[in-house]
Amino acid sequence: MIDRRFLLMNADLIRVYLRKSATFITLSGIVDKFRISGGRALHGRDSISGAKNSALPCMAAALLTPETVTLHNIPYVRDIITQRRLLEDIGATVLTPELRTHKITAAHVELFEAPYELVKTMRASVLALGPLLARFGKAKVSLPGGCAIGTRPIDLHLAGFEKFGAEVKLEAGNVVARAPSDGRLRGADIHFGKVTVTGTENLMMAATLARGYTTLRNAAREPEIVDLADLLNKMGARVNGAGSETIQIEGVESLGGAEHTIIPDRIETGTFIAAAALTQGELEIKDCRPDHLTSVISQLISVGVVIKEVNPTTLQVTCPDGLKAVNVSTAPYPEFPTDMQAQYMVLMTQAQGRSEIVETVFENRFMHASELQRMGAQIQIEGRTAIVDGPTTLNGARVIASDLRASASLVLAGLIARDETLIDRVYHIDRGYEKIEAKLRAVGANIERIIAPVTAAQSSEFNVQVTPTREQAEA
Ligand code: EPZ
């Protein structure tokens, strides 16, 4: 019996292969739910997967060279499938000798485009813009619209490409960019008006092949930026200062192949720390990087979580004395990450006292609050501040996930709620968490994935072509 995840993971390869052989089969679209019976303390050991937010730009970086880029520790998540499909549609080959190893070779690029169908399902598709423009002098990328957590413009990316001398136009919802007449970008001194992670990554990649020097000021400092810079330097680039506010890049004529291992996912690590604390269990979290989580670890220790660094890649987490309310504000790295805000909110529903959570990065990232309120949480939203009173007992309910981290917070709430919680639209969580239900079950959680046939409405939302089951076709 073929593992369903193997089919999902390789659906695109199968689809590409079959499309090429003019036979097209669509896997039936499945909208899964999670059913969780709460109240069990988690005990045991879990291993952290590679970081989605590093794997995505590192895969895009392979477009900078005709040689093979081999990436290890690639997480087994839906966004990676989308990125792989984008690379294959552009003309690169992506081989997976092992599940978490991708060998990407962009020797025969035929299409310089990231189409709407893909960009609308994953904004990070815009990371193709920098490499395509830098290497081929042209690129067309669908302008990503807003998403559940905010308007999320890419004006800072585009302003940067213009500073490199590119002509950037908006045509029919697409960004169409062209390098100067000699086909090569020119190094530039760029100051970001706002810290942007993918903006820094896009311009850093483009600068590697530009003529002359580039300085990126007020750059993002996330560990994923450093990981990408490490890969680029292995490919022959000259990037200095990644991880600081000022990154300097000396452009080179061309880049070569390289082999690189993606860093562990610090947000998945933070999510599992929260799971151990909330369920008052004891977890050993392996294959993580505590040094990428200093602000999260210090914040969680201040609310009462006991976090021991067993070794540089292993944490031990308990929470014997319960939680106390402590305020927090999200901000770019190295401050408390916005991607941990929803999970932190669940912790604060169980903490003694009142806490204020200020979301400074995205303007609409409290969608999970109303679902948590439906489970009995005491939360008030005032603009960009959530005021949480605790501790309150959460009760199981039917809830809907609205985005990746919101869905993680609902899973955490389900783990501690009385009775049963049913979470809809878990495809959001599959975008960035690898087999979360299996990892939680391995340490004692009562969680299962319910595979539900997709309805027509869902299929259009999902952009998935549905092959109706016999029953549906006959219904
Ligand atoms: C990255 O998104 C991450 N995604 C996000 O993780 C993360 O939440 C975010 O950084 C902040 O840490 C990936 O790495 C693929 P930004 P990104 O550009 O790069 C504004 C997850 O859950 N802005 O740093 O898109 C923007 O609107 C995801 O894994 C502009 O105004 O975020 C936001 O308010 C969600 N103009 C702020 O800056 C621009 O041109 C930071 O956004 C760019 C950004």
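Me: Where is lysine 435 found?

Reply: Lysine 435 sits in the loop between α14 (427-430) and α15 (436-441). Helices are DSSP runs of H or I with at least four residues, strands are E runs of at least two, and both are numbered from the N terminus. This is a predicted model: local features need pLDDT of at least 70, side-chain atom pairs count only at pLDDT 80 or more, and totals for chains, interfaces and linings use all residues. Residues are numbered from 1 along each chain as its sequence is written, and side-chain values use heavy atoms, with hydrogens and water left out.

Me: How do you know whether lysine 435 counts as buried, partly exposed or exposed?

Reply: Set its value against the cut-offs. Buried means under 20% relative accessible area, exposed means over 50%, and partly exposed lies in between (1.4 Å probe, protein chains only). Lysine 435 has 27% relative accessibility, so it counts as partly exposed.

Me: What is the phi of lysine 435?

Reply: Its phi is positive, about 45°, although lysine 435 is not a glycine. Most residues other than glycine have a negative phi. Asparagine 218 also has a positive phi, of about 55°, and is not a glycine. Asparagine 218 lies in the loop between β11 (213-217) and α8 (223-234). Its relative accessibility is 24%, so asparagine 218 is partly exposed.

Me: What makes glutamate 268 count as buried?

Reply: Its relative accessibility is 2%, so glutamate 268 falls under the limit for buried. Glutamate 268 is part of helix α9.

Me: Which residues does glutamate 268 touch?

Reply: Leave out residues up to four places away in sequence, and glutamate 268 touches Ser47, Ile48, Ser49, Tyr433, Glu434 and Lys439. Contact means heavy atoms within 4.5 Å. Glutamate 268 and alanine 408 are 140 residues apart in sequence, but 9.3 Å apart in space, C-alpha to C-alpha.

Me: Why are α9 and α13 called roughly parallel?

Reply: The axes of α9 (residues 266-278) and α13 (residues 404-416) come within 10 Å and cross at roughly 20°. Angles under 35 degrees count as roughly parallel, over 145 as roughly antiparallel, 65 to 115 as roughly perpendicular, and the rest as oblique. The two helices are therefore roughly parallel to each other. Axes are lines fitted to C-alpha atoms, for helices over the stretch in contact, and angles run from 0 to 180 degrees between N-to-C directions.

Me: What is the handedness of the crossing of α9 and α13?

Reply: The crossing of α9 and α13 is right-handed. That word applies if the near helix is turned clockwise from the far one by less than a right angle; anticlockwise is left-handed.

Me: Which residues make the contact of α9 and α13?

Reply: Ile267, Thr271, Ala274, Ala275 and Leu278 come from α9, and Arg405, Ala408, Leu412, Leu415 and Ile416 come from α13. By class, the residues of this contact are eight nonpolar, one polar and one charged. Ala, Val, Leu, Ile, Met, Phe, Trp, Tyr, Cys and Pro count as nonpolar, Asp, Glu, Lys and Arg as charged, and the others, Gly among them, as polar.

Me: How do you know how α6 lies to α7?

Reply: The axes of α6 (residues 155-163) and α7 (residues 197-207) come within 9 Å and cross at roughly 20°. That makes α6 roughly parallel to α7. Their crossing is right-handed. Leu156, His157, Gly160 and Phe161 in α6 meet Thr198, Gly199, Asn202, Leu203 and Ala206 in α7. This contact has four nonpolar, five polar and no charged residues.

Me: What makes helix α11 largely enclosed by the rest of the structure?

Reply: Nine of the nine residues of α11 (residues 341-349) are buried, so the helix is largely enclosed. Among them are Tyr344, Met345 and Leu347. Across the chain of 475 residues, buried residues make up 55%.

Me: How many residues has the largest nonpolar core?

Reply: The largest nonpolar core has 76 residues, and Leu64, Phe161 and Phe164 are among those with the most contacts inside it. Helix α2 (residues 52-61) gives the most to this core, with six residues. Apart from it lies another core, of 66 residues, including Ile36 and Ala417. A nonpolar core is a set of buried Ala, Val, Leu, Ile, Met, Phe, Trp, Tyr and Cys residues joined through side-chain atoms within 4.5 Å.

Me: Which peptide bond to proline 391 is found here, cis or trans?

Reply: The bond from glycine 390 to proline 391 is cis, with omega near 0°. The bond from tyrosine 333 to proline 334 is cis, with omega near 15°. Most peptide bonds are trans.
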